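Start with the model itself.

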Amino acid sequence: MLFHGPPNELSWWLDQATPGAEPDAPSLTETISADVCIVGGGYTGLWTALRIKAVDPSADVALIEAQTCGSGASGRNGGFMLSWWPKLATLIKLFGTDEGVRLAAASTRSILEIGAFCEENGIDAHYRRDGWLWAATNQAQIGAWDEAVRVSGEHGYTPFAAWDSATVAETAGSPTHVGGVFERDAATVQPALLARGLRRVAIERGVRIYEHSPMTGWQDGSTVVVRTPHGSVRADKVVLATNAWMTREPRIAKALIVVTSDMVVTDPLPPELSHVGPRGGIGVSDSRMLVNYYHTTADGRLAFGHGGGNFGFGRRVGKQFNGASARAEAVTKTMVQLYPELSRDAVVRSWTGPIDRSISSLPFFGQLGRTGRVLYGVGFSGNGVGPSHLAGKILASRALGLDDEWGSGRIAKGPVGTYPPEPFKYIGGTTIGAVLEHKEKLEDQGRAPGPVTRALSKLAPPGLVPVRVNSKPDSVPNP
């Protein structure tokens, strides 16, 4: 199998997006000033820059990026653009009913607004608003969505449609899918094309972008000084938008655990296998805690991912989060189990990337430093493509000092919980990860996990979908 490409290949998405693209932006080699300095050229940083320029076109925005825009999680993710409706119970618990419902509704609007932005600005990111199928691939997963359906219905919203098993199997392209619900306002994209498109528009609107310019530190004062290896930025406000790399900030590291997301992609499937894989641009994920997620690309490939493989240690995002996936064999084996008509040799590339998981599985926003001039947003927990647009509104309003619906919300009050210190965080994460793998393997076999396994699995923070998979009729999903 052709799993392992050159070490510098961060993802197939980036390979597809960058040939013939505009040259890299210059590195920062001098001291400059700006109204706002954004650190990080992924979705969150770029949407924040674009939002600032939309609200105040005169604002001077400088953005620095350690590599090239989109080279982090924004260019390596599964390409799912999902809302927060599955997490409504958590939103309400954390922020109250009115704010929780408002945020969930706003997350759906972001998906629509991203599509409109791409159309208005000529960004061909393969945006397809064909919906999301929240599926069950074994009997233990049936009903994993019940809590989300009930809570949203209690507040007058019906984002999910119940589907019978035949419709689920036909839409997913495999009889291994035995149940599910469908959320209509979801989309899939080619994630690196979206990131590169946002970069282009940001430059066109006057954002000064400096690539190959990693932040080496910052100093708070009457202005904030952001240092790079060969230059610096003096700014009134700084926005840190570096995703998993935010663990380099000690206060943030306590509230995050970094895990891998591993993906493989096939060659375009031949005509005789056109019935295999999700229909159109629909995204499908199962109801595991260690979730499998997959969709058919615009050119007919199956892109298949698995979340929560390996864990990071301490405050560094190490080499295991870059390049070809160390778990490619396992991910491919799962893909073939769900799509038995595919051969393992159909896979032509693999890659990995970091997920910044928070305790709540929702992002959090806040400020650092003595003066509150350093802002951040982090903790997207595997669902950042759509919510990063909402994050851009929150961070832009706070950077501009606006007391509006985005600048003053309760979601911008910092983390809602922390993990144990190292090495307990790493030991606990790897132990619970192994327990979850064992539990879900038993459920695939139609066997019920024992009481110890069930108890330990409940210690895991929620993932892409905020549930504990039911193993017994009396078990209770955790929102």
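## Terms and model

Helices (H or I, at least four residues) and strands (E, at least two) are DSSP runs, numbered from the N terminus. This is a predicted model: local features need pLDDT of at least 70, side-chain atom pairs count only at pLDDT 80 or more, and totals for chains, interfaces and linings use all residues. Residues are numbered from 1 along each chain as its sequence is written, and side-chain values use heavy atoms, with hydrogens and water left out.

## Annotated domain

An unreviewed UniProt entry lists residues 35-397 as "domain: FAD dependent oxidoreductase". UniProt positions are given in the numbering used here, feature names are shortened, and annotations may be inferred rather than shown by experiment. Over residues 35-397 the chain is 28% helix and 27% strand. The end C-alpha atoms of that stretch are 13 Å apart.

## Second largest pocket

A pocket is an open set of points on a 1 Å grid over the protein atoms alone, where a 1.4 Å probe fits, with protein on both sides within 12 Å along at least five of seven lines. A cavity is a set of such points from which the probe cannot get out. Lining residues have an atom within 4 Å of a point. Grid points are joined across faces, edges and corners, and a volume is the space filled by probe spheres set on the points.

The second largest pocket holds about 580 Å³ of space. Its lining has 20 residues, of which R288, T334, Q337, K441 and D444 lie nearest the centre. Helices α9 (328-338) and α11 each supply at least two lining residues. The largest share, six residues, comes from α9. By type, the lining divides into four nonpolar, nine polar and seven charged residues. Here Ala, Val, Leu, Ile, Met, Phe, Trp, Tyr, Cys and Pro count as nonpolar, Asp, Glu, Lys and Arg as charged, and the others, Gly among them, as polar.

## Second largest cavity

There are four cavities of 30 Å³ or more. Four of the lining residues are nonpolar, six polar and two charged.

## Helix α11 and its flanks

Helix α11 (residues 424-444) has 21 residues. From first C-alpha to last it reaches 30 Å, close to the 30 Å expected at 1.5 Å a residue. The expected span is 1.5 Å times one less than the number of residues. Buried means under 20% relative accessible area, exposed over 50%, and partly exposed in between (1.4 Å probe, protein chains only). In α11, the buried residues are K425, G429, I432, G433, V435, L436, K439, E440, L442 and E443. They pack against α8 (250-253), β12 (257-266), β15 (302-311) and α12 (451-457). Contact means heavy atoms within 4.5 Å.

A cis peptide bond joins E422 and P423, with omega about 5 degrees. P423 sits in the loop between α10 (387-399) and α11. Just after α11, G446 takes a positive phi of about 75 degrees.

F311 lies in strand β15. At 14% relative accessibility, F311 counts as buried. F311 touches residues that include Y426, G429, T430 and G433. F311 and T260 are 51 residues apart in sequence and 6.5 Å apart in space, C-alpha to C-alpha.

## Helix α2

Helix α2 (residues 43-55) has 13 residues, so it should span 18 Å at 1.5 Å a residue; its end C-alpha atoms are 18 Å apart, which agrees. The helix is mostly covered, with ten of its 13 residues buried.

T44 lies in α2. It is buried, with a relative accessible area of 10%. Leaving out residues up to four places away in sequence, T44 touches A241, F380, S388, A391 and L395.

## Positive phi in loops

H212 is not a glycine, yet has a positive phi of about 55 degrees. It is found in the loop between β8 (208-210) and β9 (217-219). At 40% relative accessibility, H212 counts as partly exposed.

S361 has a phi near 70 degrees, again positive in a residue other than glycine. It lies in the loop between β16 (347-357) and β17 (364-368). S361 is buried, with a relative accessible area of 1%.
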